[in-house]
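Dear colleague,

Please find below the structure that I am handing over to you.

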Amino acid sequence: MKFFPFFKRRKQRERDLDEEIRAHLAMAVRERIERGEDPAAAEVNARREFGNATLMKEVTREAWGWRWLEELFQDLRFGLRQLRRNPGFTAMAIITLALGIGANTAIFSVVYDVLLKPLPYPQPGRLIWIARSQPPFPPNWSLPFSGPNYLDLARLNHSFQYIAAMFYGDFSMTGHGEPERVIGEQVTADFFRVLGIQPILGRDFLRGEDQAGHELEA
């Protein structure tokens, strides 16, 4: 909608510019006639003295700052005419663009989710994943810590505010009805503190509740 006032003002300025050029030429012709020149010669000499009217319009349009927009519209019109004349090429170009844009969008979505998207936790830059590597596995392979290694790390820790461990697996959930197999994690007491989040229901764990024999304490 904002383009319509722009085009309206542009057309009005174009009309004003044409009127100003015609008025200037008419005045120059009249002055020459008053000095005694033949009317036909006066008009030719006035136009010669004024110079190239088309060039004058181009310079004025550049001063208005619309030149780039006019060139863009001209290029778009030319491109559309060429596409209409070659429907086969047009269809192939559209398919190629669609495939290219779709592939790039899919790749960017994966890269963003894996590498660029911040973790959905408070202060994600302070979270660190600790793993270990061991020959003959490649150095970029992350191997899990053993329980005793985690306990040693937690006991000797002087750098991190909280340390937590987790074990991913499937479990049998029992209660009313038949047991159900669910996917979940076993975590240590500081798991929610490490992530800076709270459970949707209930409270998080108290320290010591991850010790053997305290699993059912309230």
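**Salt bridges and their surroundings**

With a relative accessibility of 24%, Glu 37 counts as partly exposed. Please bear in mind from the outset that this is a predicted model. The side chain of Glu 37 meets that of Arg 32 in a salt bridge, at 2.8 Å from N to O. Arg 32, for its part, has a relative accessible area of 13% and is therefore buried, since the limit for that class is under 20%.

How many salt bridges does the structure hold? The total is 4, and two further examples are described here.

One of them joins Arg 181 to Asp 170, whose closest N and O atoms are 3.3 Å apart. Because Arg 181 belongs to strand β2 (residues 180–187) and Asp 170 to strand β1 (residues 166–173), this pair ties together parts that are 11 residues apart in sequence. Arg 181 counts as exposed, at 53% relative accessibility, while Asp 170 is partly exposed, at 39%.

Another salt bridge links Arg 193 and Asp 190, with 2.9 Å between the closest N and O atoms. Is Asp 190 buried or exposed? Its relative accessibility is 12%, so Asp 190 counts as buried. Arg 193 has a relative accessible area of 25% and is partly exposed. Asp 190 is found in the loop between β2 and α7. When neighbours within four places in sequence are left aside, the residues in contact with Asp 190 are Tyr 162, Ile 163, Ala 164 and Arg 207.

**Aromatic residues**

The structure contains 3 aromatic pairs. In one of them, Phe 108 and Tyr 112 are stacked, with 6.1 Å from centre to centre and 25 degrees between the planes. These two residues are 4 residues apart in helix α5, which means that about one helical turn separates them. Tyr 112 has a relative accessibility of 34% and counts as partly exposed.

The rings of Phe 191 and Phe 192 are arranged otherwise: their centres lie 5.6 Å apart and their planes stand at 85 degrees, so this pair is edge-to-face. Phe 191 is buried, at 15% relative accessibility, and Phe 192 is buried as well, with a relative accessible area of 18%. Together with Phe 205, Phe 191 and Phe 192 make up one aromatic cluster.

**A nonpolar surface patch**

Which residues form the nonpolar patch on the surface? They are Ile 107, Phe 108, Val 110, Val 111, Tyr 112, Val 114, Leu 115 and Leu 116, and their accessible area together is about 800 Å². Two of these residues, Phe 108 and Tyr 112, also form the stacked pair described above. Val 110 lies in helix α5, which covers residues 87–116. At 52% relative accessibility, Val 110 counts as exposed, because that class begins over 50%.

**Confidence**

The protein chain has an average pLDDT of 79, and 83% of its residues score at least 70. Where in the chain is confidence lowest, and where is it highest? The lowest mean, 66, belongs to helix α3 (residues 53–64), whereas helix α7 (residues 191–195) has the highest, at 88.

Yours sincerely

Conventions. Residues numbered from 1 in each chain as written. Predicted model: local features only at pLDDT ≥ 70, side-chain atom pairs only at ≥ 80, totals over all residues. Heavy atoms only, no water. Patch = residues over 30% accessible without salt bridge, like charges linked within 9 Å, V, L, I, M, F, W, Y side chains within 5 Å. Areas by Shrake-Rupley, 256 points an atom, 1.4 Å probe, with all protein chains shown as cover. Buried < 20%, exposed > 50% of the residue type's maximum accessible area, 1.4 Å probe, protein only. pLDDT = per-residue confidence, 0-100. Contact = heavy atoms within 4.5 Å. Phe/Tyr/Trp six-rings, centres within 6.5 Å; stacked < 30°, edge-to-face > 60°.
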